[in-house]
There are 4 protein chains.
Amino acid sequence: MPRPRSDEKRIALLEAATRIIVTQGLSAPTAGIAKEAGVPNGSLFTYFETKTELLNQLYLELKSEMAGTALKGLPAKAEPRERFFRVWRNWTNWAVTFPEKRQVLAQLSVSGEITAQSRADGHKMMANLAELADRSRANGPMRKAPLGFVLAIMNSVAEATMDYMTQDSTNAKKHCKEGFDALWRMVE
Amino acid sequence: MPRPRSDEKRIALLEAATRIIVTQGLSAPTAGIAKEAGVPNGSLFTYFETKTELLNQLYLELKSEMAGTALKGLPAKAEPRERFFRVWRNWTNWAVTFPEKRQVLAQLSVSGEITAQSRADGHKMMANLAELADRSRANGPMRKAPLGFVLAIMNSVAEATMDYMTQDSTNAKKHCKEGFDALWRMVE
Amino acid sequence: MPRPRSDEKRIALLEAATRIIVTQGLSAPTAGIAKEAGVPNGSLFTYFETKTELLNQLYLELKSEMAGTALKGLPAKAEPRERFFRVWRNWTNWAVTFPEKRQVLAQLSVSGEITAQSRADGHKMMANLAELADRSRANGPMRKAPLGFVLAIMNSVAEATMDYMTQDSTNAKKHCKEGFDALWRMVE
Amino acid sequence: MPRPRSDEKRIALLEAATRIIVTQGLSAPTAGIAKEAGVPNGSLFTYFETKTELLNQLYLELKSEMAGTALKGLPAKAEPRERFFRVWRNWTNWAVTFPEKRQVLAQLSVSGEITAQSRADGHKMMANLAELADRSRANGPMRKAPLGFVLAIMNSVAEATMDYMTQDSTNAKKHCKEGFDALWRMVE
DNA sequence: GATGAATGAGGCTTCATTCAT
DNA sequence: GATGAATGAAGCCTCATTCAT
């Protein structure tokens, strides 16, 4: 299938999918997504061969946006802790700003719809973040632990922090800092 | 004095559901679950009014089993750290021993099928664990953070640890310890 | 410019429904109706959102056809009695010609499936007939009775007449006249 | 199947059926009827072999009650008109007093569930009424019309009258009289 | 007999995907 | 390409009836 002329509808569909999936779950009908996007139901399939394909692209899109946002404006020269905190703040803020996106990403991640390839691609997008984490723990107590493990923990603390920031958004900033400090205590 | 409702079938259905959902996801047909349980499809509905009801009961069952296992054999008198580690070990071991149960629990947790009531009931089952966590952080750096936040982090580190233990099960014991130490560094 | 929705299928479905309902009642499966109409079962639902919707539309269709037939070719200028008789003849003939339609209409009318809206719409279709009745009784013994009552009686005598015409169709014409005369005696 | 010991439950079931069918239609589940009657669902089938059987007996029961009420206290010696009016009043009053019974009887009558035998039995119950009608028209304009036809018309006018009495129950008595007068004008 | 759990065929409806226009 | 009607397999759930206790 040739690439469709404009990306407009593709993006409209992806955004609509996010909105619909938040409320209806992954089993939301493609027709509903198309309608929400203001696109005829049949056309969805000229942009995405199958529903699974749409879901995988959505996964990548969200992951990419998340990673991009986290790493945006990262100062090239600064203390590791400072650099890491910058990323942490961007990252968690993204989640608080777009809770639906985070939720959908979570749903997609546990679902069986995402292919190994997509997961691998998704991980690549987090590569810079991983590198940052790797350096941060270089002299700390987890210096000998497998990087994957450290990343997993970092990710999970981030998730918990995001949850709490979203839940109690008036103190979001404070929770953001607390989460970071806790993480730092673990690795450094 | 009619045939009494058999608890066996109820359990068979719940276990079958776990097995089926691991491979097919939450959208697995009820007929498939019934078949796997060796029960006629219509009978599923004499034990669970709807599929959603089945899912909610499964959630509670798994949560309850997980909490029960974690707290089993907890020595009444011991150092907090020791007590907590005992729980941690039980908990993560359960996840490694029954990866399907954990996976299904994860799917259920993010799905929209679980009612607020079920979630509340599920939380209650973790109450003892929560208390333990509360005491552990009493003199540490997170002593002023909201308990919910501490629990969320604890939970997320546990998740990461379980993931890693499952993935690299030869070193499961080591990862279990590492995860715990990381957590302890955060709170104490 | 997709395939336009075919009115043919809609009508085929309505006619099939009539045929099926006569023999199987209102509980006739939609699949059976679709099959009888030579249409795939799923397609029934592109023409009628639900079975109830199909039933309501069928009700209206039949009512409309009945009213239309009754009033067809009504001479603008003629004695009231003459005009009324014309209608009466058309009306009862329709019932004798299409006994299945009448029977289905009867089933629908007593069933709980027909909405108040549909009933109201159905009544409107009989408005001209009602007007005719109203004029006919204007100088008779029922001139002071509520119009609704007169209409109900008229309708019920018509029903009885139709029954008898159908049952003993060789004398249909005679019964038609007798029914009309009886009715006329009542109102004029 | 041997006759069950007591008629209590049988009657409870029949009455429950009436109540349930009014609101849910003839497709009401037997389990619902049993529950409404305070009888275990399985027991329904010791009183009625099948659902159809229950429906037929209900039909007969209602028909019998209706006829019985109509003919109750009929003065042996009185003018035909007077006698007939007595019956008419009883009959229509019954319908106004028990609108659910009438409605259910109507539903049953048009449904395909009632056997020819039941219908025949039902007609027999109206025999006295038929005889009355026959005498009433003996010298009137319908003296040569088939008795069946006259009965049908009588029945249908009664139906219309009942409808109107129920609808506008404050003037029930008046409508009762009006209906009767209209009928009388037709036959006498 | 009384009870209510058990059964499995079948009903209505949904939906991803295709395809006529 | 764009559109939305068409398709039919499949899903959840219902229910009359049977039967173990």
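Colleague: Which residues does S118(D) touch, not counting residues up to four places away in sequence?
Modeller: This is a predicted model, in which local features need pLDDT of at least 70, side-chain atom pairs count only at pLDDT 80 or more, and totals for chains, interfaces and linings use all residues; side-chain values use heavy atoms, with hydrogens and water left out. Residues are numbered from 1 along each chain as its sequence is written, while chains are lettered from A and ligands numbered from 1 in the order in which they are written. Contact means heavy atoms within 4.5 Å. With residues up to four places away in sequence set aside, S118(D) touches N56(D), Y59(D) and L60(D).

Colleague: By what distance are the C-alpha atoms of S118(D) and Y59(D) separated?
Modeller: S118(D) is found in helix α7 (residues 116-125) of chain D, where helices (H or I, at least four residues) and strands (E, at least two) are DSSP runs numbered from the N terminus. Y59(D) is among the residues that S118(D) touches. The two residues are 59 apart along the chain, and their C-alpha atoms are separated by 7.8 Å.

Colleague: Is S118(D) buried or exposed?
Modeller: Buried means under 20% relative accessible area, exposed over 50%, and partly exposed in between (1.4 Å probe, protein chains only). S118(D) has a relative accessible area of 6% and is therefore buried.

Colleague: How many helices are there in chain A?
Modeller: Read along the sequence, chain A follows the pattern α-α-α-α-α-α-α-α-α-α. Its C-alpha atoms fill a box of roughly 55 × 35 × 30 Å along the principal axes. Of the 188 residues of chain A, 45% count as buried. Strands number 0 in chain A, and the helices number 10.

Colleague: Among contacts in chain A between residues at least 6 apart in sequence, what share joins residues at least 24 apart?
Modeller: The contacts considered are those between residues at least 6 apart in the sequence of chain A. Of these, the share joining residues at least 24 apart is 68%.

Colleague: How far apart do the end C-alpha atoms of residues 7-66 of chain A lie?
Modeller: UniProt, in an unreviewed entry, places the feature "domain: HTH tetR-type" at residues 7-66 of chain A; UniProt positions are given in the numbering used here, feature names are shortened, and annotations may be inferred rather than shown by experiment. The span is 75% helix and 0% strand, and its end C-alpha atoms lie apart by 20 Å.

Colleague: What is the angle between the planes of F84(B) and W184(B)?
Modeller: A search of the whole structure finds 32 aromatic pairs over all chains. Rings of Phe, Tyr and Trp (its six-membered ring) pair if their centres lie within 6.5 Å, with planes under 30 degrees apart counted as stacked, over 60 as edge-to-face and the rest as tilted. F84(B) and W184(B) form an edge-to-face pair, 6.0 Å centre to centre, with an angle between the planes of 70 degrees.

Colleague: Which helices of chain B hold F84(B) and W184(B)?
Modeller: Both F84(B) and W184(B) are buried. The pair ties together parts that are 100 residues apart in sequence, because F84(B) and W184(B) lie, respectively, in helix α5 (residues 80-97) and helix α10 (residues 172-187).

Colleague: Over the face of which residue does K101(C) lie?
Modeller: A charge sits over a ring if NZ of Lys or CZ of Arg is within 6 Å of the ring centre and within 35 degrees of the ring normal. R5(C) lies over the face of Y47(C), at 5.8 Å from the ring centre. K101(C), at 4.2 Å from the ring centre, lies over the face of F98(C).

Colleague: Which residue of chain D comes closest to the rotation axis?
Modeller: Copies are superposed by least squares on the C-alpha atoms of residues with pLDDT of at least 70 in both. A rotation of 180 degrees with 0.1 Å of shift along its axis superposes chain D on chain C, with an RMSD of 0.1 Å. That is the relation of a two-fold axis. At 2.4 Å (C-alpha), the residue of chain D that comes closest to the rotation axis is S156(D).

Colleague: What percentage of the interface residues of chain B are also interface residues in chain A?
Modeller: Chain B can be laid on chain A with an RMSD of 0.1 Å by a turn of 180 degrees and a shift of 0.0 Å along the axis. In chain B, the C-alpha nearest the axis is that of S156(B), 2.4 Å from it. The copies meet through the same surface, because the percentage of interface residues of chain B that are also interface residues in chain A is 100%.
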